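I wanted to look up how the chains in this model are built and where they touch. These are my notebook entries, written as I went along.

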Amino acid sequence: MRRHLFVALAAAVLGCGFVSATFLALRQPLSMGDYLAVWGLKARAIHATGELSSVFRVDPAGAFSHPEYPPLWPLLLAGTARLLGRYDELLLALLRPILLALAAGLTFARTRAPLPWRLLAAASLTLLPYFQTAAYTGYAEALLLVLVLAALFLLESRSPTPLTPVVTGLLLAQAALTKQEGVVVLLVAVGLLAAARRLRVAAIVGGLGLGLGVLPWSVFRAAHGVSGLADFAPGSFDPAKVLRALSTLRDLAFLPAVPWLLGAAVLLALSPGVRRERGPLLAGAAAYAALLLASFAFARVDVAWLVTWTWDRLALLPLAALLPALFEAAAEPFETGSEPEGSAPAAP
Amino acid sequence: MIPIRSRRLLAALLAGAGLGALVAGAARQDLPLSDSLSMAARFWRAGPRGRLLNAPGIARDAAFAADALRAAATWPLQADAVLSVGPLVAPEARERLRRKAAYLLAPRHVSIGPGIGTEVTLVRGPAGDVER
């Protein structure tokens, strides 16, 4: 009876989170912030011309639209608008709940714990501030999240097929074509696979990710003379920028983040089975965060400005990726029973 | 060695507190529910043009956006645009209007031209007149 109640409660929280996020997304047309200046601008250009190169024409000097950003999200918006028969910012907002449902479903599927904990993991994803604000509707992170969570789901599979590395590589190629953080995920995934001596899988994933994701967009940009417009450049390297990024992050987010970090640390400390099982995921999240932080050393623009306007969106990916591990850790003491400490959580 | 009951209690407390904080954050909305519902109803009843001109990121400069939409409908796609902005227009406003014009006139390139006083005018530029 108590278990049924727990399942019902978890399902209700998931339902509330999803309905609330969907309502906020569909309440008004896409039009805010980077949607207008970056993603939607390019999507409307592609929709009007049918040509990818039009994303460079709208802002050839790179004054505000970041021509170097990968094009998959604008392509998806433009393609959906074509299917709908017109570019309608309200109808295109429907993509958000679809992507959120996929991300929540993948979080549910990745969580190796009994049903209520899996539902709570999915619920917590829908309740993340990124999805509970109208401001970020129309931004590219939701698509990136779905692609990365799908790749993680395959990489974590306990019964991989010969096609698993291929599909994972294709997903990470698409992630690299969605946002530059997708390239960082690809590098981390390949590095961890190589460190685990899964060299064949690492080669397939890395080859497909680089060959079908990173390379084509780099060549296309270079062919249109926009390769030098990136926010980051080797010539701008200055290690002190990393310290400035950390200092800005401390001012912006340290105090609110402390309870979350402590809570997560205690949960994991109390769950040796999850720590053992999820070691690669924890290492991957740490490596991803470290690489993002290190990338600020190459920033061409003011680092404090960059961190201020991006940190919450940059945090979305590692946070969402870690949710299954955190809910498995919360579930572990309830699953171990009288077994010796350190046993793994029961399979769902 | 922490007793299993204490571990369970701690895990339940931490998970509950985390979820509670997320639910509380989600419950803090930018608008009262009734206003949100009527806003959604207005947008879903409106046509595509009304939706766009009243969208939160556009509505502040709705008259300018309406001009830009008219230009987008009549100018050829090959023609670019010049946004003439007078020196008395604040730089933030100039940049805001430039981005809106670029969005509404896409795929055309919108460049900034000199204007008089508080003038804000969109004029058709020559095709392919792009700055690199």
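This is a predicted model: local features need pLDDT of at least 70, side-chain atom pairs count only at pLDDT 80 or more; totals for chains, interfaces and linings use all residues.

Residues are numbered from 1 along each chain as its sequence is written, and chains are lettered from A and ligands numbered from 1 in the order in which they are written.

I looked up the make-up of chain A and found 15 helices and 0 strands, where helices (H or I, at least four residues) and strands (E, at least two) are DSSP runs numbered from the N terminus.

I then checked the extent of chain A, whose C-alpha atoms fill a box of roughly 65 × 45 × 45 Å along the principal axes.

I turned to the domains, whose bounds come from an automatic or database assignment, and chain A has domain 1 (158-229) and domain 2 (234-348). Their C-alpha centres lie 22 Å apart, and 8 residues of domain 1 of chain A are in contact with 9 residues of domain 2 of chain A, contact meaning that C-beta atoms, placed from the backbone, lie within 7 Å.

Finally I looked at the contact between chains, which takes 40 residues from chain B and 43 residues from chain A. On the side of chain B that touches chain A, the largest share, 14 residues, comes from H1(B).

Notes:
Two residues are in contact if their C-beta atoms, placed from the backbone, lie within 7 Å.
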